[in-house]
Amino acid sequence: MVRSTLTRLFLILYAFAPLSASAQGGNPYDGDRTAIRAGRALYGARCAQCHGGDAKGISGPDLTLLWAAGTSDDRVFRTIQTGVSGSIMPSSAAPEKEIWALVAYVKSISTVPEFDNDRGDAVLGREIFSSTCTQCHSVNGVGGRLGPDLSRIAAIRSRDMLIRSIRDPSASVAVGYRAVTLVTRDGERIRGVTKSEDVFSIQIVDTNERLQGYVKADLQELIHEDRSLMRQFDPGRLSDAQLDDLLQYLSTLRG
Amino acid sequence: MLLSRYLTFGKFMLARESRPLMRFVVIIMLALSTLSPAQSVAQDADTGIGYEDILQGLSDPSRWLTFSGDYSGQRHSPLDQITPENVHRLVPQWTFQTGTTTRGRGFETTPLVLDGVLYVTGSNNYAWAIDARTGRPFWQYRRDLPDDLTYGASAPVNRGFGMLGNRLFMVTLDAHLIALDRTTGNVLWDIELADYHIGYSSTMAPLVIDGMVIAGISGGEYPTRGFVDAYDPETGDRIWRFNTIPGPGEPGSETWPSDGDNLARGGGTTWMTGSYDPDLDLLYWGTGNPNPDYYDEEREGANLYTNSLVAIDASTGTLRWYFQFTPHDINDWDSNHVPVLADMMFEGEMRSVVMVANRNGFFYVLDRVTGEFLLGKPFTDTTWAREIGPDGRPIILNDGSLGCLPEPWGGTNFMPPSFNPALGLMFITARESCATYVPQEPDFTLGRNTSGGVIWIDRDQGYGALRAVDVRTGELKWEFLYPSPTMAGVMTTVSGLVFAGDHQGNFMAFEASTGENLWHYQTGSRIWGAAPMTHMLDGRQYVLIPSGTTLVAFALPEDRP
């Protein structure tokens, strides 16, 4: 007996929507309403935790921007299947039909990027970026390494997400950039971001951008700070007009 | 705000400045500007190593900064915490798993280590920064490779990084050279070495010398033309290219037919990291087989500079001298080996030599200043040639018509040997095999394999051995037999140990003078192409070996839970 809606959708998918094209030749379920419904269920079960229920991104990027940024169905299919190196996005061994259904769903909710071009001066924004942000962030190989690389940021994050990241960075911190303080047996305090951790050890990048591994037995204290290392740029620090300029500059960064 | 801008600018300048004096000035300025009351006490900013650090070789025990450990290619470590007396207590400390398998080959890398972090490349162009204490990762890089690789698909391997400043350099299966940021693994620049569609790939560990990244190319089983390139570490701009196959009318072209287009696809690939003499400013590099490997109807002549050792002037990329081990090769006996440089007494005189244990089964000693042939003695059962004549050319005994010959994988292969200068012994992974060659005219299509032949190998007659060869005489001092030909590299230490591996997965330690086996560990996969490395960390000596899908680190046991 079919119990769950999800299973029912799968059965519909397999019974009535056979694959008609090869994996290389585009999405066989493109625009297919049944497949899109199945893809939405799959999305909720497997992708929403990182990419958000609305696909606007949490620790994973905003998926509604992908097609506007110039991707293809084949590329998205491959990314789901093979994962993304250097990130938390895993690979998937799901059947091809399911992955195509996912692609069809995400494409169906994709939007044009929200950056409107009538506010802010990108040249001023770039100056703000150079004086304030490059200490921790890199663009095209220039800048700091403590925070995420921003070379492609406009292709993977919406304007709303960027505003939140700047005004309230600790609201949501990407995996690999969560602040930690280590205290050694000699009382030395080392601050950085956690790259990986297990029961016995932790690997960080410290505030001098140095990769450091520590055995926990050698530490006096390990403090996971539920916050970002990035300071909060409230309107007192960065006015709304300056924020608009900065966003205008960031909107040009598409890798 | 002003201080942070200054610091940012200073770090930017430091990353870009390679001149030692200017780096010193910038560092002093940064240091003075950051003097402040104690806040979070952090260690110095991580500016990475310069050429002068690589020049120090293995003298800093915590480091391994280039493929062979240093520019000499000896792979001989000065570490002596692990000795013949205590090596039997060596135990694994951690295992790192790559999560990627290698079709038909092995995990061939040599990790680099700096400040407690290992920098490791893997198959399928994966790469990692790993905590040397625990084997846990900091970052992973994986290249988005095209679906239509040619040679790269049959050998999806990589032998390691080059390192300079905050950059790591790696070659790729689609024949690119890339620079990664050492802290993040992000790509800083990416340039094409050659068009992979033709048959090119790249798998070797780049060699960093002063102001240059040296890279070689693979693809000798395809209609390719080999080269050694030098690139600017900051920008990826090419500084020079040395073609191993001469152009029409160039010196060496007389060893090819004057008509025909073989020069454009002559082979002579350069896929093992060479060695370097900074005083002579010479790069020593091995070259591979002519193409087609076995079918020689249309390439009469010695086919320079295939199956050779070339000495390249590093400033200009021009040839100083060459020595050809196997003229007009028809057995695919590439000379892609690590050349081993040494200064030693040879026949009563102090000599600067380069030594090569060659795929053709002979051990060679050459004067590395002039290329003069000093010694050529077999270290395997070399039925194909009786001896090496005084001019350095082999005197042919068996062209195949008198029974089997060593198989294409040769009497040894690319896996690094090691040299113990105090004992005057070269340790070679030797392979004994019996094969019959049947040449066939290949289809000369770009992107198609053009080896031109079929090889029948008699597996029952094959075996392997770790052999210790006296470099002054070429005589065998001792051997340790393996049940089959193996592909593992060798490392030695000053305490008189030899570390080696076999095709059945054993990683082993031997006493260097006698060959007595002192320790072994089953890694679970044939040790293929990789040679061990070693370093000090927290007062303990670690020995590492890549095998299959794992990297294992060993040390003497500690007295703690």
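Chain B holds an open sheet of 5 strands in the order 1-31-32-33-34, with mixed pairing. Strands here are DSSP runs of E with at least two residues, numbered from the N terminus, and two strands pair if DSSP finds at least two bridges between them. The model is predicted, so local features need pLDDT of at least 70 and side-chain atom pairs count only at pLDDT 80 or more, while totals for chains, interfaces and linings use all residues. Residues are numbered from 1 along each chain as its sequence is written, and chains are lettered from A and ligands numbered from 1 in the order in which they are written.

**The sheet in chain B**
- Strand 1 (76-77) and strand 34 (517-522) of chain B are the edge strands, each pairing on one side only.
- Strand 1 of chain B runs parallel to strand 31 (residues 491-493) of chain B, and 2 bridges join them.
- In this part of the sheet, B:His76 stands opposite B:Thr492 of strand 31.

**Domains of chain A**
- Chain A is divided into domain 1 (5-108), domain 2 (122-168 + 232-250) and domain 3 (178-228); such bounds come from an automatic or database domain assignment.
- The centres of domain 2 and domain 3 of chain A, taken over C-alpha atoms, are 26 Å apart.

**Confidence**
- The model scores ipTM 0.81 and pTM 0.86.
- Chain B has a mean pLDDT of 91, and 92% of its residues reach 70 or more; pLDDT is the predictor's confidence in each residue, from 0 to 100.
- Over residues 33-42 of chain B the pLDDT is below 50.
- Where pLDDT is low, the predicted coordinates should not be read in detail.

Terms used: Helix = DSSP H or I, 4+ residues; strand = E, 2+ residues; numbered from the N terminus. Contact = placed C-beta atoms within 7 Å.
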